[in-house]
Amino acid sequence: MVYKFRVILDAEEDIFRDIAILAEDTLEDLHNAIFNSFGFDGMEVASFYTCDDTWNQEDEIPMFDTGDVPGEQKTMSSYLLSDILDKENTKIIYVYDFINMWTFLVELAAIEEIKTGNTYPETLFSHGEMPDEAMEKHFIADDDEESYNEFEDDLDEDDLDMFEGDDSFEDYGFEENWN
């Protein structure tokens with residue numbers, strides 16, 4: 001079977017590519033098809049992310065095993081497209097270059113028979129030109145979560161006066177360890 005994807009750059013303008021690839025190819029093959037169709041050099045790290053129907057990011061599928069135990073984490077090359085995408089699960093997010101955060105919404109648009117004579121993967125259609133820079137990302141916390149800064153407390157200089165003149169603290173001479 002052939003999977004036909006629409007890969008949309010997360011940008012203000014419509015920039016997308018339609019890509020046909022074999023269902024038995026891996027996510028790594030899809031990664032290669034995407035960066036080639038958008039004109040990247042392929043020298044940057046990328047990841048796919050599973051997501052729900054409204055594009056909420058879920059589990060990461062990285063290029064390389066970055067886990068604590070080598071071989072424990074599955075990578076792009078471990079997943080066949082048909083293992084994670086089908087008629088019910090059609091969406092996945094792709095992020096290329098974690099410095100610039102080029103983010104793409106990848107949607108399975110059709111599953112078709114292989115056409116004799118075609119070479120896969122193949123860019124079927126290209127719309128829009130890549131901007132010079134990726135869109136700036138704004139990360140917004142959920143409204144129901146309390147704002148918290150681990151370095152901020154409710155103490156100010158006046159609150160520290162309570163320790164002045166208290167001789168119960170022993171001087172362990174730590175200054176000598178810093179020389």
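At 24% relative accessibility, W55 counts as partly exposed. The reason is that this value falls between the limits used here, because buried means under 20% and exposed means over 50%. The model is predicted, and every value in this report is computed from it. W55 lies in the loop between strand 3 and strand 4. Its phi is near 70°, which is a positive value in a residue other than glycine.

**The chain and its sheet**

The chain has two helices and seven strands. Read from the N terminus, the elements follow the order β-β-α-β-β-α-β-β-β. The chain has 179 residues, of which 30% count as buried. Among contacts with a separation of 6 or more, 61% are between residues 24 or more positions apart.

In general, strands of a sheet pair through backbone hydrogen bonds, either parallel or antiparallel.

The pairing of strand 3 (residues 46-51) with strand 4 can be followed in detail. These two strands run antiparallel and are joined by four bridges. At C51, the bridge partner in strand 4 is Q57. The loop between strand 3 and strand 4 is also the place of W55.

**Aromatic rings**

Nine aromatic pairs are counted in the model. In one of them, the ring centres of F38 and F104 are 4.7 Å apart; the planes stand at 55°, so the pair is tilted. F38 belongs to the loop between helix 1 (27-37) and strand 3, while F104 belongs to strand 6 (residues 102-112), so the pair ties together parts that are 66 residues apart in sequence. F38 is buried at a relative accessible area of 5%, and F104 is buried at 0%.

F48 and Y94 make another tilted pair, with 4.9 Å from centre to centre and 45° between the planes. This pair also links distant parts of the chain: F48 is in strand 3 and Y94 is in strand 5 (residues 91-96), 46 residues apart. Both F48 and Y94 are buried.

Which residues form one aromatic cluster? They are F35, F38, F40, F48, Y94, Y96, W102 and F104.

The charged end of R17 is over the ring of F38, 4.5 Å from the ring centre. The charged end of K74 is over the ring of Y79, 4.5 Å from the centre of that ring.

**Loops**

M101 is in the loop between strand 5 and strand 6. Although M101 is not a glycine, its phi is positive, at about 55°. M101 counts as partly exposed, with 23% relative accessibility.

P121 is in the loop between strand 6 and strand 7. A cis peptide bond joins Y120 to P121, with omega at about -5°.

T75 is in the loop between strand 4 and helix 2 (81-84). Is T75 buried or exposed? T75 counts as buried, because its relative accessibility is 9%, and buried means under 20%. Leaving out residues up to four places away in sequence, T75 touches I61, P62, M63, F64 and D65.

The table lists relative accessibility for residues discussed above.

| Residue | Class | Relative accessibility |
|---|---|---|
| F38 | buried | 5% |
| F104 | buried | 0% |
| T75 | buried | 9% |
| M101 | partly exposed | 23% |
| W55 | partly exposed | 24% |

Notes: Residues are numbered from 1 along each chain as its sequence is written. This is a predicted model: local features need pLDDT of at least 70, side-chain atom pairs count only at pLDDT 80 or more; totals for chains, interfaces and linings use all residues. Side-chain values use heavy atoms; hydrogens and water are left out. Two strands pair if DSSP finds at least two bridges between them. Buried means under 20% relative accessible area, exposed over 50%, partly exposed in between (1.4 Å probe, protein chains only). Contact means heavy atoms within 4.5 Å. Rings of Phe, Tyr and Trp (its six-membered ring) pair if their centres lie within 6.5 Å; planes under 30 degrees apart count as stacked, over 60 as edge-to-face and the rest as tilted. A charge sits over a ring if NZ of Lys or CZ of Arg is within 6 Å of the ring centre and within 35 degrees of the ring normal.
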